[in-house]
Amino acid sequence: MTSVASKRIGYAIALGLLAALGPLSIDLYLPALPEIASDLTAPPSVAQLSLTAGLVGLGLGQLFFGPLSDKYGRIRPLLFSLALLVIACIGCALAQNIQQLLLARLFGGIFAAGGAVLSRAIARDMYSGHELTRFFAILMLVNGLAPIAAPVIGAGMMDILDWRGIFMSLAAFAVLLLSRVKLPETLRPERRSQGSLLSAWSILGKVITHRPFMGFCLTQGFMMSGMFAYIGASPFVLQQIYQLSPQAFSFCFAANGIGLIIASQVAARLSPLLGEYRMLKIGLTLAFISSASLLLAGATHAALPLVLVTLFFSVASNGMISVTASSLAMQSQGKRAGSASAIIGVTMFTLGGISIPMTGIGGTSVLSMSATIFGCYMLAILVFTRLAQKPEKA
C-alpha cells in the first residue's frame, strides 16, 4: 500500500468516526426505544419524536458549524462541538420525563452535527472529481459500520445497562474522540471567508440558489428521509408486529447496513467508468423498484422474509445514491465546502425528522413504513428529473 493510499485511509477512518457521531447517536439506542416509551410513560409515537429531535438538531447544527468553519477553519469548531456533545449526552441519560429527553436530544443533535458537516468539508478541501467520490466511498465504508454495529452493540448493552447507560456510553465515545482524533487544518487562512461572522452565513444564500447543487442535494435529502423513516419505524414493526427479539432486530438492521456499504463501494468502483451522474440514475432506478416492491409487500401483509428482502434493497439503494449525489453536489462548491456541506446536512436531517412521525400516523405498521419510504423515494426521483443537471465531466 502506497503512502498516499495509507494516508487517505487514515483520514477516512478519522473523518468516518466523526461523521459516525450522528448515526451512532440515532442507531445505538434504537433497540431501547420500546423501553424508553415504557419507562417514561410515553406512547411509542412520542418516543419516536426523540429521533426526530435528534435529526432536527443534526440539521440545525450543520447550519451553524458549516459557515463557522468556512470563516475560522475546520478544527476549532470541531473541538467546540465535541465538548458540548458530551454535556448533551449526559443530559439525555439524566432525563426524568419525555420532554427533558426530547430537549436533550435536540441539543445532542446540534452538537453532533459538527462531526458530520466538517467531515464532508475537510474531504472537499483535500479532494475533487473522481478522487472525491472514491474518498466519500471510503468514508461511507467507515461511517457505515456505525449503523451496522450500533444496534447490535445497543442490544448487547441492554443486557447489562438500561437506556440511560447507552447515552452515558455515547458521552464517553465523544470524550474519546475529543482526546484522541488529531487532524490537520485543511482550510488555509487565505481561503477562509472574509468579513464578519454574519457575512459567513450569507454564503448559504449563494449555495441555496445554485440550481445543480440543490438538485443533487434534494435528491439525496429525500432518499435519506426514506431511510430515516425505516430507522424510526423498524424497531416497532420488526419487534412488536413480527415479534423479533432486540438481538434479532439488531442483526436484521446490521444486514441492511452491509447492503448499504456494498452499494456505496460498487458506485465508487463504477463511477470512473460510467460517471457519477449515470450511477446516480442507476441507484434511483433500484430505489423505485425496491420501494415499490416493499409497498406491495406491506399492502398485502406479506410474510417476514419477503418484507426483509425488499427492505434490504430499498436501504441498499441509498448507499449508491448517497456517494454519487454528495460528490456531484460538493464538487461544484470549492471554498464554500463548509456551507455546502451544511445545506446537505440540514436537508437530509430535516426531511428525515419530518418523515419519521409520518410512519406513526394511524399506528406504526408495515404499510405505513413502506408507504412513507416509497413516497420519499418518489419525491427524490421527481426532484432529480426537475432540478439536477448532468455535469460536463461526471
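Aspartate 39 and arginine 164 join their side chains in a salt bridge, with N and O 3.9 Å apart. The term covers a side-chain nitrogen of Lys or Arg within 4 Å of a carboxyl oxygen of Asp or Glu. Aspartate 39 belongs to helix H3 and arginine 164 to helix H8 (residues 163–180), so this pair ties together parts that are 125 residues apart in sequence. Helices here are DSSP runs of H or I with at least four residues, numbered from the N terminus. With a relative accessible area of 42%, aspartate 39 is partly exposed. On this scale, buried means under 20% relative accessible area, exposed means over 50%, and partly exposed lies in between (1.4 Å probe, protein chains only).

By the same rule the count comes to 2 salt bridges. Aspartate 70 forms a salt bridge with arginine 74, and their closest N and O atoms are 2.9 Å apart. Aspartate 70 is buried at a relative accessible area of 1%, and arginine 74 is buried at 0%.

## About the model

This is a predicted model, in which local features need pLDDT of at least 70 and side-chain atom pairs count only at pLDDT 80 or more, while totals for chains, interfaces and linings use all residues. Residues are numbered from 1 along each chain as its sequence is written, and side-chain values use heavy atoms, with hydrogens and water left out.

## Nonpolar cores

The largest nonpolar core has 118 residues, of which Leu101, Leu183 and Phe213 touch the most other members. Helix H10 (residues 211–241) supplies the largest share of this core, 16 residues. A nonpolar core is a set of buried Ala, Val, Leu, Ile, Met, Phe, Trp, Tyr and Cys residues joined through side-chain atoms within 4.5 Å.

Let's look at one of those residues. Setting aside neighbours within four places in sequence, leucine 101 is in contact with Ile36, Leu40, Ser50, Cys92, Ala95, Trp163 and Phe167. Contact here means heavy atoms within 4.5 Å. A second, separate core of 5 residues includes Ala267, Met279, Ala316 and Met320.

## Serine 81 meets glycine 115

Serine 81 sits in helix H5 (residues 75–93) and counts as buried at 0% relative accessibility. Beyond its neighbours within four places in sequence, serine 81 is in contact with Phe65, Phe111, Gly114 and Gly115.

Glycine 115 is part of helix H6 (residues 98–126), and it counts as buried at 2% relative accessibility. With the neighbours within four places in sequence again left out, the contacts of glycine 115 are Leu18, Ala19, Leu78 and Ser81. The C-alpha atoms of glycine 115 and leucine 79 are separated by 9.2 Å, although these residues are 36 apart along the chain.

## Helix H11

H11 (246–274) has 29 residues and reaches 41 Å from its first C-alpha to its last, close to the 42 Å expected at 1.5 Å a residue. The expected span is 1.5 Å times one less than the number of residues. At its N-terminal end, H11 is capped by serine 245, where a side-chain oxygen lies 3.0 Å from the backbone nitrogen of alanine 248.

Further along, H11 bends by about 25° at alanine 268, and proline 272 follows within four residues. The bend is the angle between axes fitted to the seven residues ending at a residue and the seven starting there. Phenylalanine 251 also lies in H11 and counts as exposed at 55% relative accessibility.

## Helix H12

Helix H12 (residues 276–299) has 24 residues and reaches 34 Å from its first C-alpha to its last, close to the 34 Å expected. Its buried residues include Tyr277, Met279, Leu280, Leu284 and Leu294.

## Positive phi angles

Most residues other than glycine have a negative phi. Threonine 41 has a positive phi of about 45° although it is not a glycine. Threonine 41 lies in the loop between helix H3 (33–39) and helix H4 (44–72), and counts as exposed at 72% relative accessibility.

Glutamine 243, also not a glycine, has a positive phi near 60°. Glutamine 243 is found in the loop between H10 and H11 and counts as exposed at 61% relative accessibility. Just after H11, glycine 275 takes a positive phi of about 95°, while just after H12, histidine 301 takes a positive phi of about 55°.

Methods:
Helices (H or I, at least four residues) and strands (E, at least two) are DSSP runs, numbered from the N terminus. A polar contact is a pair of N or O atoms within 3.5 Å; within protein, one must be able to donate a hydrogen and the other to accept it, and residues adjacent in sequence count only if both atoms are side-chain atoms.
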